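Here are my notes for your first look. Please keep the structure open as you read.

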Amino acid sequence: MKGKRLLLTVFCMLAVMLLTSCWNSRELNEMAIVTGMGIDKAPDKDEYRVTFQIVNPSSTATSMGASTGQPTITVYSATDRTLFGALRKTSKKAARQLFFAHTQLVVIGEDMARSGIDDIFDVFERSHELRLNATVLVSRGDDANSIMKILLPIESLPAMGLVKKVRNTAAIWGENRDITIFELINGITGEGEVVISGIRVIGDKEEGKKKANLEQTEVKAIPAISGLGVFKKGKLVTWLEGSEAKGVLWVQNKIDQTTVNIDTEGSEASVAVDINYSKTAINVELREGVPVFHVHIQEEGKISETRGFMDLSNGDEIAKLEEQLAKQTKEAAIRSIQAAQRLESDIFDFGNELKRLRPKEWEAVKEDWSSLFAQGKLDVRVEAHIRGTGMRLKPYLQNKDESN
Amino acid sequence: MPGNQDPLLSAKLADNLQEIRDRLGNSPDLIIRKFELVTSLIEVAAIYINGLNDKDIVDEFITHIMAFDTLGGDGPQLNSVNGIYQFMKGKALSTGEEKVIRDWKELFAALLSGNTIVLVDGLAEAIGGNTSGGEVRAVTEASTQVAIRGSKESFTESIGTNLSLVRRRIKNANLWIETMKIGVVTQTDVAIMYMNGIAKESVIQKLKQKLQGIHIDAILESGYIEQLIEENKYSPFPTLYNTERPDSVAGNLMEGRIAIFVDGTPFVLIAPTTFFMFFHAVEDYYQRYDISTLIRLLRFMCLIISLFGPGLFVAALNFHQEMIPTPLLINLASQREGVPFPTFIEALLLEVTFEIIREAGIRMPSPIGQTVSIIGGLVLGQAAVQAGIVSPAMVIVVSLTGISSFATPAFNMALSVRILRFIIMFIAAFMGLYGMCVFSFILIAHLCSLSSLGIPYMSPMGPFIPQNQQDAVFRLPFQFMKNRPRLISQKKHNKRIR
Amino acid sequence: MRKEVIGTNQLFAMIILFELGTAIVVPIGLESGHAVWLSILLALPGGVLLYLVYHDLSRQYPGLIISGYTRKILGRTIGWPLSLLYIPVFMFNGSRNLREAGDLLIAASYDRTPVFIINAIMVIAVMYILNKGLEVFARTAEIYLAVIFVLGFICSFVVIAAGLVDFKNLFPLHAADWRQAFRSAYPNIWIFPFGELVCITTVLPHLKESRLSGKTGVGAIVLSGILLCVTHAIEMSVLGEDVYHRATFPMYTTITLVNLANFIQRLDALVILTLIIGVFFKMTLYCYAAIAVTADLFKVQDTRKLAVPVGVVVLFSSFISAENYPRHMEEGGVFLRYILPVLCAVIPILLFIVHRIRKRFGLLR
């Protein structure tokens, strides 16, 4: 009796399996893996032009069969009013269904960025395939389409290569950072504004598309991370460079590791300090209706190089350097905040902080926060510590004063 | 014995001998040695089956009978048949195990299990002397449950030897043995062995009832008993454990379990069995606890791999491509580029090939078996990959699964896992991970619903028994292993360490 | 037929799995802003008290489930129809859980699979386990409790290790936040998930050592409350208030953000697994409760025969009840506000009071 029922159940299950097709089942060789996406404004129309970078599995380095000689990626693009429409429209050109779960990079064309990006991320949230932790970049002075087409040396998949570039420079240089869609959405819904790193192609774009370009030691076109785009109300307004960009990241507490060349008495920017720890605390309060931004930066580093003589075995010398380091950091931070104030763009989320800590006061000022932000007073404090001097104390250069 | 309709022996020797010959169909291995007693000239016959007995003992036994009335000669009524019989029964026989036989059924039972029967003319009774012996395999090293460290003995086909092997390990009066004959035709000797005072009375009773309830013509191996007494006949999981290692039996007896010995097989059943027993090896107790625990965890990992391995791979490749890290996915995609089959068919193809190789290898004599596995495994696998019929990753997954299934110490459990693996593969191809997850609910609920002699199969996990956790998934140091399995043994909980 | 007996460990496991059930995956207490974790903690004492009421009632009437003592306390004429109310509510709640699991699966991965098939597969498993009886269900729960703990540990570990947790999203707590937290704690979180435990009253009579049911149950509720609080605090701290509130399944979104060493990413399967396990046990307990009440009211001897009909009803009502997920959530709001509190809190407390009064004045037969 019991056995009969069991058999019947098994039979039913099998019947169900055989009678129904496998709805969600997809074979790997029936789909095209998208690693990167470029979003541009279509010329003359209020439409998106979306470019997809698709992996060509048979010519990736791991393939063991005979290489087909094709490049590792191929690029399709489509135009539509919605992003999702464009995704699907690509099927006219692609033989396989696009698969988006491995999209790691989204590049936004500069035109698109200047005309506003607030409304493009909904599909990323809603879809289960697209990832929220894909990196976002803005193509600087160019459209996203042409960035997508460039092949990279060493990295066989350009989209992943670009992501690695951002992460690499963010980790050790600190003028840019890896901003994900998730952070952007949080930025857009929050009270502040967002920044996105830029990417620019150096060299000949046409050559960059060719596989032959990779067969030389110095490629003719290489995309490089460049600048930090500042947005206001979802529109790109300007690019910050160099120490201003670094200052932004410092205030945002996003510095992981960076290098500062600090001035000494004799010469400018002659001691390289490798900052390997940095932490920033911010606090906002209203004093008589005007916001005051308290920024407290703590940083630690070690001396990596010095261009002249300096008695680094002397604690007082180090203390002087620390002071100088703190001063330069403070200047960078202040410059970056002032730059943002000029643009009336609260990229540091000071607004969010005020709302979080003092919700009642926020209610009063939220209407004209941008202008209040621009008038805000700064209180930047930096604590800098130099913890080491590397493998040597004194440099091999002699002290000129003594030897003479 | 109630219901015994067999007539009693007749008083005439010739009639009896004729009856025996008739009933055995004049079998050539039936040996009848007729002789007259030296002094009283009474006809006596000794009957035995050639080959079932130890020749020396039989000869000695017969010599004894022939000459016994010359020995003392002072017996009171040596001239009468009855007197001789009494004397014979009481004093003269020296094999140690004699019994008086009155009916045919008893006579044949004794004769066919290796006794020598003595019939005396004029008496309607016979004497059976246990002279059994003959050719048996010597005690050798275990061939199925090999241990690096530990006893090298294993059971043989002789039940007597087997019982003694355990008895030698537990020198305690509380090691009790009960025997019975099962199999209407084969009359196979079956013995149950348990530690009196440790094993639960109710479990013993239940087992005895079940054994007595067996009505079958033949018991040729303990597998017959296993299948006839298990409670869940439609489950793919074995609910009785078998072993050919005496130390394993001894260990289990000490935990309060019962061993079932069957004559003619070296495989001894152990009941009640829990799921976790199948993943324990005797060596776990001989090695240090840390090594044993890690090895046990490894075995459970292997169980999971061998159950879910190919299913998980198929599900991930067909349904959940987003789960695979990007570089790995691209790698897999490039491998699959030229493969003409869907993933599931590819997996099925390889799994079936693997099963064929395994089955072909097992039945072959071992040198050929190795050739089969080399040709099958290495050559076929390599060629299939190079021909682009299967992807290398699939070969890796299937071989990993195969190897993992060998890591289960109990072969019968590994067999069940093999069946389930295919079902899981089907479900994975049909519904992906979700299907596998729901199937594992059913699987675990099924495991929890099983019982072995009334003891929950999944104990001590479901039901969870905290004090028995030292020896299920983990193997703690001996000072922590104070408790016997709570559901199985009697209430004297202290064990091993006092 | 032998009476089925479960142990305290099993009750503990069942309560925890039931409480975590769907509550761990779907957003709860939306009114409380970022202080959702606080409102869970605030609702916890209420949940414990409510459980003690259930516990006390079943101690007073050993061997009787809720429909049994309702009739004893209020008399047959009032008690019978009142108990009858529990059957559709239990089944509807079970079907809602099923619906939520099905919708997450469809949203997350099985977008081309009919909801009927997805739900049917789950219901087959539920019917199987109910057919095996309460003991088997309880043992399975014990084993899956360990699985849930392992999953939970892995999930929180990777989320924390990936550095996603930002405590700024949880603090500070202003007076307004406390008020909001309290408002969403009572009655919403108090009823869902704590009040839903009313269906555990059908299990309590099977407990081997019934005097321990109080201690075990309270322990389980407190532990599950803390687990819920921690989980939702992690979700909130990772996602921030805005995304948490807009997400249909915040836990899923949280885990998709994980990217450890560029290799451990997309652990969504773990969350889906957690949800399936939670929903499975919650639904099974609901179905069991419905079966137990039905069997008690209509004097059905072999309760296992009811497994299939109840399963089928739950299956169909799971997708007939609402045409889409937003509608489903709306219905849930109404259900949570007007119906569940009556059955989960008002009736048991009423029973408790009536019982005490009758006992005090010696009105018990």
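How much area do domain 1 of chain A and domain 2 of chain A bury between them?

1. The two domains of chain A bury about 1900 Å² between them. Of this area, 59% is on carbon and sulfur atoms. Keep in mind that this is a predicted model.

2. Now the bounds. The domain assignment of chain A puts domain 1 at 28-240 and domain 2 at 242-404. Their C-alpha centres lie 32 Å apart.

3. Next, the contacts. Domain 1 of chain A brings 23 residues, which touch 25 residues of domain 2 of chain A.

4. Two salt bridges are counted between domain 1 and domain 2 of chain A. A:Glu191 and A:Lys355 form a salt bridge, with their closest N and O atoms 3.3 Å apart.

5. Which elements of domain 1 of chain A each supply at least two residues of the side that touches domain 2? They are helix H6 (158-172), strand S9 (221-232) and strand S10 (235-240) of chain A. S9(A) gives the most, with four residues.

6. The unreviewed UniProt entry annotates residues 226-390 of chain A as "domain: Spore germination GerAC-like C-terminal". Over that stretch the chain is 37% helix and 39% strand. The end C-alpha atoms of residues 226-390 are 30 Å apart.

7. Last, confidence in chain B. The mean pLDDT of chain B is 84, and 91% of its residues reach 70 or more. Within chain B, helix H3 (residues 81-92) is lowest, at a mean of 67. Strand S9 (residues 258-262) of chain B is highest, at 94.

Note on methods: Residues numbered from 1 in each chain as written. Chains lettered and ligands numbered in written order. Predicted model: local features only at pLDDT ≥ 70, side-chain atom pairs only at ≥ 80, totals over all residues. Heavy atoms only, no water. UniProt positions renumbered as here; feature names shortened; annotations may be inferred. pLDDT = per-residue confidence, 0-100. Domains from an automatic or database assignment. Contact = heavy atoms within 4.5 Å. Buried area = accessible area lost by both parts, 1.4 Å probe. Salt bridge = Lys/Arg side-chain N within 4 Å of Asp/Glu carboxyl O.
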